[in-house]
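Subject: Structure for your files

Hello,

Here is the structure I said I would pass on. My notes on what was found in it follow below.

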Amino acid sequence: MRARALPVAIIALAVSASPAALAAAPAAPAVPSDPVLARLVEEAIASRPELREAVATARAEHERVPQVGALPDPVLTLGIQNDGFNGLQIGKKETSWWQVMITQGLPWPGKRGLRSDVARQSAAVAEAGVSRARLSTEADVRRAYVDLLLTRDRLGLLGRLDALWQKSAGIAQTRYETGEAAQSDVLRAQLEQVRLRQRRWALEAQERASIQALNRLRGRPLDEPIATTAGVRDLGVPALRDPEAAAADALARSPELASARASAERAERQEALARRERYPDLAVSAAIMPRGAIEPMWAASVSIGLPVWSSRKQGRAVAESKARAEAGSCGAEWIEQTLQLRVAERRSALAALLDSIQLYREGLLVQSSATVESTLAQYRVGKVTFASVLEANAGYVNDEDGFLAALADAQRLAILDAEVSLEAVAVPGAGGAIGGGAIPGAGATGGTTSAMGAAPAAAAPAPTAAPAAPGM
């Protein structure tokens, strides 16, 4: 398809046409990538219809600039004047002639330049839309990729849990056969193994949904396989950025802020244009009237419009443009404040996640694994009940899954920063995921719930529909 084959260079060229302020903006914060993700991002940028639509809109707005600044077309008037109805008197009578006249309209000085300025600011607003579409496209791909890796890591964790339950079931079977354990221990271990299959089906459905989302973004068949070689752990942990540098970066790169500022500037230019509209436009005419054998005549004239009826309308236009300029300035101020708030929120959330990740690495994961091995060993010799085995297994998978969820959520925060999103995020609680709970482990007793295979921690949504600033 022609749409799918749109070269990435065309989109990059359109993005590079952004205002100088955007072109000089700092680069986005680094987000870990790998060859598979880089290819997915490139394909999505080349084929996503929303991005191509934004590029076409920006191109159309740029084409308007020379149009609104051009002079109106001249008017050619052909006519004849004749004395009487008894025949043509041209060349016979001095007041009979035919006429060729050219009339050129001339807007009042300054109007054309202001109209071009208004159109340029409209193009700047459209360019900000291209930047937003590109940032959101890349962020959507990265979010879906993190979801895919997290789901596949959870499937791997499920396989480890299955092996753990097989080991637990074998110990329970041995102790039951020797009369040291009740049959219920064997049945409960077998029950947990059956439940694992149900949880695997749920995770496999999530994996298919992530693949379909990525394929939709890159314009491929929805069920086309996507092979990955990395896991959530391979993405690393985002660094905690300096708050002032992070805020300055967001203000410099935000498409919404650029659009609000361009809208405010456009309204100011419209106000200046509305004030100048009070002055009448001119029309210059030149004509020649050949009279046959008699010496030809010529005429020149200047016409001036009289703003008799339009003065009230022009006054209202000035008031309207002034109000829109004020609204645009307020909108830009609102976006600046919101961006600073969102940067601070994400930094607080990331700081909490980094502490949680460090706790997982330095204590919880090691202790959970050791607890499982110790509990199984003690159950083998009859020092603890099978309920303790269930609880230890559940705690182990909870901690492993919580660690994966925390890593994924940290990546989502980094993606939001790179996207310069206006979406709010909640500071996670102890061991909690952002926007959703982490998947607990296998079923356990003593109040631990069974939820392996539930929906993964929800990524914060892309700001493709961020609230528009007033006056935009």
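The protein chain has ten helices and four strands, where helices (H or I, at least four residues) and strands (E, at least two) are DSSP runs numbered from the N terminus. Along the sequence their pattern reads α-α-α-α-β-β-α-α-α-α-β-β-α-α. This is a predicted model, in which local features need pLDDT of at least 70 and side-chain atom pairs count only at pLDDT 80 or more, while totals for chains, interfaces and linings use all residues. Residues are numbered from 1 along each chain as its sequence is written, and side-chain values use heavy atoms, with hydrogens and water left out.

Of the 472 residues, 43% count as buried (buried is under 20% relative accessible area, exposed over 50%, partly exposed in between; 1.4 Å probe, protein chains only). The chain exposes about 23300 Å², and carbon and sulfur atoms supply 57% of that area (Shrake-Rupley method with a 1.4 Å probe; for residues, only the protein chains shown count as cover). Among contacts (heavy atoms within 4.5 Å) between residues at least 6 apart in sequence, 82% join residues at least 24 apart.

Helix α10

Helix α10 covers residues 386-419; at 1.5 Å a residue its 34 residues should span 50 Å, and the end C-alpha atoms are 49 Å apart, which agrees. The expected span is 1.5 Å times one less than the number of residues. In α10, 29 of the 34 residues are buried. V420 follows the helix and has a positive phi, near 55°.

V420 is also one of the residues touched by S254, along with I335 and L339, not counting residues up to four places away in sequence. S254 sits in the loop between α7 (243-253) and α8 (255-276) and is buried, at 1% relative accessible area. A polar atom of the S254 side chain lies 3.4 Å from the backbone nitrogen of E256.

Salt bridges

There are 32 salt bridges in the structure (a side-chain nitrogen of Lys or Arg within 4 Å of a carboxyl oxygen of Asp or Glu). In one of them, R48 meets D140 at 3.0 Å, N to O. R48 is in the loop between α3 (35-47) and α4 (49-68) and D140 is in helix α5, so this pair ties together parts 92 residues apart in sequence. Both R48 and D140 are buried. They also belong to a network of salt bridges that links R48, E50, D140, R143, R216 and E419.

K111 and D281 form another bridge, at 2.8 Å, N to O. K111 is in helix α5 and D281 in the loop between α8 and β3, 170 residues apart. K111 is buried at 1% relative accessible area, whereas D281 is partly exposed at 33%.

E400 of helix α10 pairs with R233, in the loop between α6 (183-217) and α7, 167 residues apart; the closest N and O atoms of this salt bridge are 3.0 Å apart. E400 is buried at 7% relative accessibility, and R233 is partly exposed at 38%.

Aromatic pairs

The count is two aromatic pairs (rings of Phe, Tyr and Trp, its six-membered ring, with centres within 6.5 Å; planes under 30 degrees apart are stacked, over 60 edge-to-face, the rest tilted). One of them is W108 with Y279: the ring centres are 5.3 Å apart and the planes at 15°, so the pair is stacked. W108 lies in the loop between β2 (97-106) and α5 (111-177), and Y279 in the loop between α8 and β3 (282-291), 171 residues apart. W108 is partly exposed at 28% relative accessibility, as is Y279 at 43%.

Regards

Conventions. A polar contact is a pair of N or O atoms within 3.5 Å; within protein, one must be able to donate a hydrogen and the other to accept it, and residues adjacent in sequence count only if both atoms are side-chain atoms.
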